[in-house]
Amino acid sequence: MIVLGIETSCDETAAAISQDGRILSSQVSTQTIHRKFGGVVPEIASREHEKLLNEMVVDTLQIANLSKLDLDGIAVTQGPGLSGTLIAGVCFAKGLAQGLQLPIIGVNHLEAHIFANFLADPALTFPFTCLLVSGGHTQIWLVNGLGDYELMGETRDDAAGEAFDKGARILGLGYPGGPEIEKLGKSGNKDSVQFPRALMQNQNLEFSFSGLKTALLYHMESNPNASKSDVAASYQFAIIDALTTKLNWAMKQSGCNTCVIAGGVAANQFMRDYVKKIMPQKKIIFPALSYCTDNAAMIAYLGELYLKSGKTSSVDFPVLPNMKLA
Ligand code: KG4
Ligand code: ZN
């Protein structure tokens, strides 16, 4: 089975092809135009998707050495995300599916992030615990099977990726903030500033990062000459330490021996090393770096799984900017 995936939930325009669980091609174009605004401008992002999508799909098919007529279905991100950018992708996908008389599958972007781990380890089996850490979400899930998910904990305020992005802004770094803080923190001492970790009692699986961001702001106001690399390393450590500690508790509570890390923050190398150090006895899976941040390979892969299981969407399905996982 051959499925085209399309992803436009935020500022990455992406297209990919999955055939029998293997990714034949995956193209991502990150819209750099937003950097000068310090964050994504939804209206501009939607227009960029509209401009880029056709070329992305043509290129992706060409790289896979396929024509549109070889496709068995089209999968597209239905939500969550920015409404305008989702509409750009979904309208394009619906038009293409109608024209080619193909089934269409509206895919949950969060679920696709989780399933990107099957691309890293095709032998992954259910159940497993998932730490989902992106720009908009920080959640721990118990994943029992396709479509069977139990929420174990989530953030009360900012997502981990958002904490990186807001922290980077306070430190005068660029957007997205995660890679910037990681780069700067590499030469810093992670123990130089004791930033707070919230809700750390009684194996609580909820997160909170808004106090951490405020602590960083106050620290920089009172220590304007502080070494930014030390501060970046300590700030990153505070986020990763909270995530890892709670993931470890969740593994104990669920009794799972395997966990996967999903979403853009999973690209963080310090986190990859730290999780393995804290949980040496567990099986820990991270997606390939190119499949951590937003991409269409994960959409095509999950879309193909649903198509194989007989689940498709009606052609009038709506975009769901606040789409939930369970
Ligand atoms: O999954 P993603 O690409 O988009 C959403 O679905 O939100 O995640 C984007 C988030 C951003 O907040 C970005 O700063 C963060 O992932 N991120 C990182 C790293 N690379 C991306 N955070 C920490 N370290 C990184 N290397
Ligand atoms: Zn994402």
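The model is predicted, so to speak of local features a pLDDT of at least 70 is needed and side-chain atom pairs count only at pLDDT 80 or more, while totals for chains, interfaces and linings use all residues. Residues are numbered from 1 along each chain as its sequence is written, chains are lettered from A and ligands numbered from 1 in written order, and side-chain values use heavy atoms, without hydrogens and water.

H109 in helix α3 and D294 in the loop between β10 (283-285) and α9 (297-308) are 185 residues apart, so to speak a link between distant parts of the chain. H109 is likewise buried, at 6%.

Turning to ligand 1, 20 residues surround it, each with a heavy atom within 4 Å. Polar contacts are pairs of N or O atoms within 3.5 Å. Oxygen atoms of ligand 1 lie 2.8 Å from a polar backbone atom of G135 and 2.7 Å from a polar side-chain atom of D165. The protein buries 88% of the 550 Å² that ligand 1 exposes alone, by the Shrake-Rupley method with a 1.4 Å probe. Domain 1 (2-113 + 292-308) and domain 2 (126-290) both contribute to this shell, so ligand 1 lies between them.

Conventions:
Polar contact = N/O pair within 3.5 Å; in protein donor to acceptor, adjacent residues only side chain to side chain. Domains from an automatic or database assignment. Helix = DSSP H or I, 4+ residues; strand = E, 2+ residues; numbered from the N terminus. Buried < 20%, exposed > 50% of the residue type's maximum accessible area, 1.4 Å probe, protein only.
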